[in-house]
Amino acid sequence: MFTMRFDMRAPVNGAPTTELYGAALDMAAWGESRGCVSALLCEHHTASDGYLPSPMLLASAMAARTSSLPI
């Protein structure tokens, strides 16, 4: 039993944002297939490191990739 938490921070010297979001969707599908009890999405506006400003968009994309994972 485990929970996954996503804040989507993307420091300048890290992976590109598009890769991070794709990986988060893959991780949600992977977690669901292995008994993850929920995915938590944190929110913060106007952060310079890309901290997730709009969690509903990511939540809807995760919901499209999963069938029963609470987000």
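Reader: What do the side chains of Asp7 and Arg5 meet in?
Author: A salt bridge, at 3.6 Å, N to O. The term means a side-chain nitrogen of Lys or Arg within 4 Å of a carboxyl oxygen of Asp or Glu. This is a predicted model: local features need pLDDT of at least 70, side-chain atom pairs count only at pLDDT 80 or more, and totals for chains, interfaces and linings use all residues. Residues are numbered from 1 along each chain as its sequence is written, and side-chain values use heavy atoms, leaving out hydrogens and water.

Reader: Is Asp7 buried or exposed?
Author: Asp7 is buried, at 18% relative accessibility. Buried means under 20% relative accessible area, exposed over 50%, partly exposed in between (1.4 Å probe, protein chains only). Asp7 also forms a salt bridge with Arg9, at 3.7 Å, N to O. Arg9 is partly exposed, at 43%.

Reader: How many salt bridges in the whole structure?
Author: The search finds 4. One of them pairs Asp26 with Arg65, with the closest N and O atoms 2.8 Å apart. That pair links distant parts of the chain, 39 residues apart: Asp26 sits in helix α1 (residues 17-33), Arg65 in helix α2 (residues 55-65). Helices here are DSSP runs (H or I, at least four residues), numbered from the N terminus. Arg65 is partly exposed, at 40%.

Reader: Which residues do shared partners join into one network?
Author: Arg5, Asp7, Arg9 and Asp49.

Reader: New topic. How many disulfides?
Author: The count is 0, a disulfide being a pair of cysteine sulfur atoms within 2.5 Å.

Technical notes. Helices (H or I, at least four residues) and strands (E, at least two) are DSSP runs, numbered from the N terminus.
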